[in-house]
Amino acid sequence: MQPSAPAGPAATAALPLAVFPKDSRPLPCLLLASLLLLLLLHLLSSSSSPSASPPAAPQHIPLPVDASSAGPAPPSLAFLLTGSAGDAERLLRLLLATYHPRNLYLLLLDRAASDGDRARLARQARAGPGRTNVHVVGDPGFANPRGASTLAATLHGAALLLRVGQDWDWFVHLDAGDYPLVTPDDLLHVLSYLPKDLNFIQHTSYICWRESRQIRPIVVDPGLYLSSRTDIFYATQKRELPNAYKLFTGSSSVILSRKFIEYCIIGTDNLPRTMLMYYTNMPLPHRKYFQTVLCNSPEFNRTVVNHDLHYSKWDSPSKKEPLLLTLDDVENMTQSGVAFGTRFSKDDPVLNHIDEEILHRQAGEPSPGGWCIGVGDASPCSVSGNPDVLRPGPAAMKLAKFLAQGLTYRNFYSQQCIWD
């Protein structure tokens, strides 16, 4: 059976999945384990002090790291922060919570938001000193959360980040309902010990009930064609499952390598375009596209870590959307060791708790880090120092332990692109 054609232009044949033998692994687990062991030892040594030295800083204050012993050079992350009508303030808060001068930021309010909100967001986002690394999309399209227009917005944002930034290492997509659980210094410090071709994405080929509700139906997303927001509508026909490639699904939260983003946006291989045409007429394609391309690509299917580094809580029977996180979830979130939480309601008290206890961030200010040298100032990050100096705190240790466990030989390869 040939793969069914989506409604629209005919898709060319996709590349079959290549199965790697056990001794053909691009990422040596011993190297990963060694790097993470060095990271853990480094964090332990930076958080301990000899008996003759002054008392250690309280546990809730980020611990300084000497720049001369900081290990590998920090990476650079390209953040795509997306929202819709009413999300301008949330995106600004998310920007400040994740901000670091080494990173690149693109804020995207879809067309459902007003032009006034978009202009105000652009002014406020770039108001801080030195924020030339922050950009706002001025003419976006609609992003229907159930249709292909959301995937189109993500790919558009990734393409823009490739154009405006030449030296970033990972693409991080966050929604307005997401929020960090580690400081920017924590995240950069831990990622500096990892190979830059890793892709963090939750995925599974066990489509189960999704086959009848999300795979076989053919839909049209008017957000791709019209200048007004309209919900998707369903065609009467049903599609057959393809046999030229295996379909995967997962969450919409992703942390993807620059090399893989370039493969999807500007690469010469036919697979990303074939998958894009196939998923254009499918419900919720943004939860399936990157997973399917990664796992069907011989070049990338051994670079996948089966976790998106997000903490979420699900309603077990339906699992349609993650439940809202509240103060009742603080202990589980902080002990999880992951980098982000999904999803929070606007201005929920739990966000203030994260700002105060984890990020040490004041309202209207970015999370402080080694680059903030305005000591004693009410706004210490108004004076910028060396962006390569990082001051990871206790959350960096938890994130390093979480990754060390996930990147062990058994966990890393046994959970990669499994054909259920």
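Is aspartate 329 buried or exposed? With a relative accessibility of 5%, aspartate 329 counts as buried, and the views below place this residue and several others in a model that is predicted.

**View 1. Lysine 313 and aspartate 329 form a salt bridge.** The closest N and O atoms of lysine 313 and aspartate 329 are 3.0 Å apart, and the pair links distant parts of the chain, since the two residues are 16 residues apart. Lysine 313 belongs to strand E12 (residues 313-314), whereas aspartate 329 lies in the loop between strand E13 (322-323) and helix H10 (330-336). The two partners can also be described by their accessibility: lysine 313 is partly exposed, with a relative accessible area of 29%, while aspartate 329 is buried at 5%. As a general point, side chains of opposite charge can pair when their charged atoms come close.

**View 2. Arginine 361 and aspartate 355 meet through their side chains in a salt bridge.** The N to O distance in this pair is 2.9 Å, and both arginine 361 and aspartate 355 are buried. These two residues also belong to a network of salt bridges, in which Arg93, Asp347, Asp355 and Arg361 are linked. A search of the whole structure finds 14 salt bridges.

**View 3. Aspartate 87 forms a salt bridge with arginine 90.** In this pair the closest N and O atoms lie 3.4 Å apart, and aspartate 87 and arginine 90 are both buried.

**View 4. Three strands make an open sheet in the order E5-E14-E11.** The pairing within this sheet is mixed, and its edge strands, each of which pairs on one side only, are strand E5 (178-180) and strand E11 (310-311). In general, the strands of a sheet pair through backbone hydrogen bonds, either parallel or antiparallel.

**View 5. Leu224, Tyr225 and Leu226 make a nonpolar surface patch.** The area of this patch is about 310 Å². One of its members, leucine 226, is found in the loop between strand E7 (217-220) and strand E8 (233-238). Leucine 226 has a relative accessible area of 44% and is therefore described as partly exposed, a class that lies between buried, under 20%, and exposed, over 50%.

Terms used. Residues are numbered from 1 along each chain as its sequence is written. This is a predicted model: local features need pLDDT of at least 70, side-chain atom pairs count only at pLDDT 80 or more; totals for chains, interfaces and linings use all residues. Side-chain values use heavy atoms; hydrogens and water are left out. Two strands pair if DSSP finds at least two bridges between them. Helices (H or I, at least four residues) and strands (E, at least two) are DSSP runs, numbered from the N terminus. A salt bridge is a side-chain nitrogen of Lys or Arg within 4 Å of a carboxyl oxygen of Asp or Glu. Buried means under 20% relative accessible area, exposed over 50%, partly exposed in between (1.4 Å probe, protein chains only). Patches are made of residues with over 30% relative accessible area and no salt bridge: like charges are joined within 9 Å, nonpolar side chains (Val, Leu, Ile, Met, Phe, Trp, Tyr) within 5 Å. Accessible areas come from the Shrake-Rupley method with a 1.4 Å probe; for residues, only the protein chains shown count as cover.
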